[in-house]
Amino acid sequence: AYTLGYSQDTNFVIELVKKAPRPDLILLFDIDARVAMERIYKRGKEVFTRQENIELLSRTRKAYLDIALNYNFKIIDTTQPLAVTVNKCIELIEEIL
């Protein structure tokens, strides 16, 4: 995932998406980088600054959102409480069953 944040070259992921069999549903669990950093610090464990920093998380998020929007991924807002996120996933899965 962080490859996109480091290089901003989305071609590799786009090629994978193009060549892979089309699933019925792709969920992208999205969170603002600032909220992600707040959660990282709250867990009380060591922060891996090479990967867990606002700049990298922001670039990675943008790259995945760009791909998601172009390839019809369903974007799940994970800033919501966990129960809301789970219910949204269930709702999207039930739509295709």
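**View 1. Isoleucine 76 sits in strand β2, residues 74-77.** Helices (H or I, at least four residues) and strands (E, at least two) are DSSP runs, numbered from the N terminus. This is a predicted model, in which local features need pLDDT of at least 70, side-chain atom pairs count only at pLDDT 80 or more, and totals for chains, interfaces and linings use all residues. Residues are numbered from 1 along each chain as its sequence is written, and side-chain values use heavy atoms, with hydrogens and water left out. Is isoleucine 76 buried or exposed? Its relative accessibility is 1%, so isoleucine 76 counts as buried (buried means under 20% relative accessible area, exposed over 50%, partly exposed in between, with a 1.4 Å probe and protein chains only). Setting aside neighbours within four places in sequence, isoleucine 76 is in contact with Leu27, Leu28, Phe29, Asp30, Thr85, Lys88, Cys89 and Leu92 (contact means heavy atoms within 4.5 Å). Isoleucine 31 is 45 residues away from isoleucine 76 along the chain, yet their C-alpha atoms are separated by 8.5 Å.

**View 2. Aspartate 77 is another residue of strand β2.** With a relative accessible area of 37%, aspartate 77 is partly exposed. Check out its side chain: it makes a polar contact of 2.5 Å with the side chain of threonine 79, and one of 3.2 Å with the side chain of glutamine 80. (A polar contact is a pair of N or O atoms within 3.5 Å; within protein, one must be able to donate a hydrogen and the other to accept it, and residues adjacent in sequence count only if both atoms are side-chain atoms.) Once neighbours within four places in sequence are left out, aspartate 77 is in contact with Asp30 and Thr85. Aspartate 30 is 47 residues from aspartate 77 along the chain, but 5.2 Å separates their C-alpha atoms.

**View 3. Aspartate 30 belongs to strand β1, residues 27-30.** Aspartate 30 has 11% relative accessibility, so it counts as buried. Which side chain does aspartate 30 join through a polar contact of 2.6 Å? The partner is arginine 61. Arginine 61 also turns up among the residues in contact with aspartate 30 beyond four places in sequence, together with Leu65, Ile75, Ile76, Asp77, Thr78 and Thr79.

**View 4. Helix α3 (residues 33-42) packs against α4.** The angle between these two helices is about 130°, and their axes are 9 Å apart (axes are lines fitted to C-alpha atoms, for helices over the stretch in contact, and angles run from 0 to 180 degrees between N-to-C directions). That angle is why α3 is oblique to α4: under 35 degrees counts as roughly parallel, over 145 as roughly antiparallel, 65 to 115 as roughly perpendicular and the rest as oblique. On the α3 side you'll find Ala33, Arg34, Ala36, Met37 and Ile40, which meet Ile54, Leu57, Ser58 and Arg61 in α4.

**View 5. Alanine 33 is part of helix α3.** At 4% relative accessibility, alanine 33 counts as buried. Leaving out neighbours within four places in sequence, its contacts are Ile54, Leu57, Ser58 and Arg61. For alanine 33 and isoleucine 54, 21 residues apart along the chain, the C-alpha atoms are separated by 5.7 Å.

**View 6. The largest nonpolar core has eight residues.** They are Val13, Ile14, Val17, Leu28, Leu65, Ile67, Ala68 and Phe73 (a nonpolar core is a set of buried Ala, Val, Leu, Ile, Met, Phe, Trp, Tyr and Cys residues joined through side-chain atoms within 4.5 Å). Which elements give two or more residues to this core? Those are α2 (11-19) and α4 (54-70). There's also a second, separate core of six residues, including Ile31, Ala36, Met37 and Leu57. Back to alanine 68: beyond four places in sequence, this residue is in contact with Leu28, Phe73 and Ile75.

**View 7. Asparagine 72 lies in the loop between α4 and β2.** Its phi is near 60°, a positive value in a residue other than glycine. Asparagine 72 counts as exposed because its relative accessibility is 60%.

**View 8. Zooming out, the protein has five helices and two strands.** Along the sequence, their pattern is α-α-β-α-α-β-α. Of the 97 residues in the protein, 29% are buried. Among contacts with a separation of 6 or more, 70% come from residues 24 or more positions apart.
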